[in-house]
Amino acid sequence: MSVLDNSKYIGSAIFKRQAFGNNHPLAFSRHSSVLELCHSLNWLPKDKFVEVSPATVDTITKFHDANYVEALKVSVAAGKVSQEVREKYNIGTMENPVFDGLFARAATTVAGSIKAAELVANGGLVFHPSGGTHHGRPDKASGFCYFNDPVFAILALLDQGLTNIVYVDVDAHHGDGVQDAFADDERVHTFSIHEEKRWPYSGAADDRGGGRSYNFPVPKHINDSEYGFILEQAILPAIKKLKPDAIVITCGADALAGDPLSSMDLSNNALWSAVLSLVSMSPRSIVFGGGGYNPWTTTRCWAGLWGKLSGQTLPDTLPENTQKLLSVFESDLVDEEDVNPLWLTSLCDKPNEGNVRDEVKQLLSVVMGER
Ligand SMILES: [Zn+2]
């Protein structure tokens, strides 16, 4: 039986609510759009969908500082943030605004990741697209992330007695919060491919964290061929040697061509193929979403990813009712003339193949040298 036959999708009604407020890159409702697309393609039968409710404060404080969690809860309830709290915890800022329903939403994301670990305990695959808040710090918010749900998934897997976990982060931004959380834990290896010289500016090629981190800061305009090269020449062989009990993946969609917050030029085929190769390397897999700021490319990426992870065949052209869902999207960050007509009619991008640049080859020798 293939691991894909046993896949589940984690969601909650709470992710359908408006979040972050206007004028924020995450103002659009990514998760309800992905759900609608999957439903319109009949890819989400009831037995595949798992609904979760918020994690308790007791659970959240297993990783996060109790004072921070309390300050976030109080600020959300009051609808305002004191200057002291803003400065101390980095909330109530342009980057990490406090909005109605935020606490329950962030706590539900954490619950989804813990549930994901539970569901794969005896093997299997879980897709949790609202997870992937990889920048969250124990005692403060960072990069639109209030809690760090991938950390909770990994902690829950370790609590099951597993001793060999691989975390792979393909979001355009370095998976700093997860790398640092497990820097001293010999049971966890982390891999991150991200755009170089991009916020949060950590994750250089020679950054090995506590010794078990692999960072691939890639040059701008990386193409599918270069991406495949890095995976096949470095990441997949390294993971094969590790023989992980579980693999946890943050699949941000901001590494795709057309994303307004990065300059990576991947087609969604490259990301799907990376995730499918990765999940085939372990009996247990958890796949999160992450960043993704172009409503069309993000929604198509994650809906298509669920299709792939649940063994569906992706149609060449989308049925009319699905096309309609994509036609109503709007974005302040994507100019109208930059909306690729393919984004309205199909899930699959045109592959973006090209030369593998020397700097990409050199990057591999720096990251993998003397390992
Ligand atoms: Zn990102």
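What follows is a chat between two colleagues about how some features of this predicted model get their labels.

Colleague: Before we start, how do you know that the predictor is confident about this model?
Modeller: The mean pLDDT of the protein is 96, and 99% of its residues reach 70 or more. That scale runs from 0 to 100. Confidence is lowest in helix 1 (residues 30-40), at a mean of 95, and highest in strand 4, at 99.

Colleague: What is the strand order in the open sheet?
Modeller: Its eight strands go 2-1-3-8-7-4-5-6, and the pairing is parallel. From one strand to the next, the twist averages 15°.

Colleague: Why do strand 2 (49-51) and strand 6 (213-218) stand at the edges?
Modeller: Each has a single partner strand, so one side of each is left without a neighbour in the sheet.

Colleague: What makes strand 3 and strand 8 a pair?
Modeller: Two strands pair if there are at least two bridges between them. Strand 3 (residues 124-128) and strand 8 (residues 284-288) are joined by five, so they qualify, and they run parallel.

Colleague: Why is strand 4 called largely enclosed?
Modeller: Because five of its five residues are buried. Both faces are covered, with Ile-165, Tyr-167 and Asp-169 on one side and Val-166 and Val-168 on the other.

Colleague: Let's turn to helices. How do you know that helix 9 (residues 268-279) has the span expected of a helix with twelve residues?
Modeller: The reach from its first C-alpha to its last is 17 Å, close to the 16 Å expected at 1.5 Å a residue.

Colleague: Why would you say helix 9 is largely enclosed by the rest of the structure?
Modeller: Nine of its twelve residues are buried, and that is why. Among them are Asn-268, Asn-269, Leu-271, Trp-272 and Val-275. The cover over the buried residues of helix 9 includes strand 3, strand 4 (165-169), helix 8 (224-242), strand 7 (246-250), strand 8 and helix 10 (295-309).

Colleague: Which residues touch the most other members of the largest nonpolar core?
Modeller: Ala-153, Ile-249, Leu-271 and Val-275, out of 99 residues in that core. Helix 5 (residues 102-119) gives the most to this core, with ten residues.

Colleague: What does Leu-271 touch, leaving aside its neighbours within four places in sequence?
Modeller: Val-170, Cys-251, Ala-255, Leu-256, Leu-266 and Cys-301.

Colleague: Why is Trp-296 called buried?
Modeller: The cut-off is 20 or more other C-beta atoms within 10 Å. Trp-296 has 20, so it counts as buried. Trp-296 is found in helix 10. Not counting residues up to four places away in sequence, Trp-296 touches Leu-326, Phe-329, Val-339 and Trp-343. The C-alpha atoms of Trp-296 and Ser-327 are separated by 9.0 Å, though these residues are 31 apart along the chain.

Colleague: What makes Glu-370 exposed, then?
Modeller: Glu-370 has 4 C-beta neighbours inside 10 Å, and the limit is 12 or fewer, so exposed it is. Glu-370 lies in the segment after helix 13 (358-368). Phi of Glu-370 is near 55°, again a positive value in a residue other than glycine.

Colleague: Which residues of helix 1 are buried, and what covers them?
Modeller: Arg-30, His-31, Ser-33, Val-34, Leu-35, Leu-37 and Cys-38 are buried. Their cover includes strand 1 (7-11), helix 10 and helix 11 (320-327). Just after helix 1, Asn-42 takes a positive phi of about 60°.

Colleague: Last one: what is omega for the cis peptide bond from Trp-199 to Pro-200?
Modeller: Near 5°. Pro-200 is in the loop between strand 5 (188-195) and strand 6.

How values were computed. Residues are numbered from 1 along each chain as its sequence is written. This is a predicted model: local features need pLDDT of at least 70, side-chain atom pairs count only at pLDDT 80 or more; totals for chains, interfaces and linings use all residues. Helices (H or I, at least four residues) and strands (E, at least two) are DSSP runs, numbered from the N terminus. Axes are lines fitted to C-alpha atoms, for helices over the stretch in contact, and angles run from 0 to 180 degrees between N-to-C directions. A nonpolar core is a set of buried Ala, Val, Leu, Ile, Met, Phe, Trp, Tyr and Cys residues joined through C-beta atoms within 7 Å. Two residues are in contact if their C-beta atoms, placed from the backbone, lie within 7 Å. The expected span of a helix is 1.5 Å times one less than its number of residues. pLDDT is the predictor's confidence in each residue, from 0 to 100.
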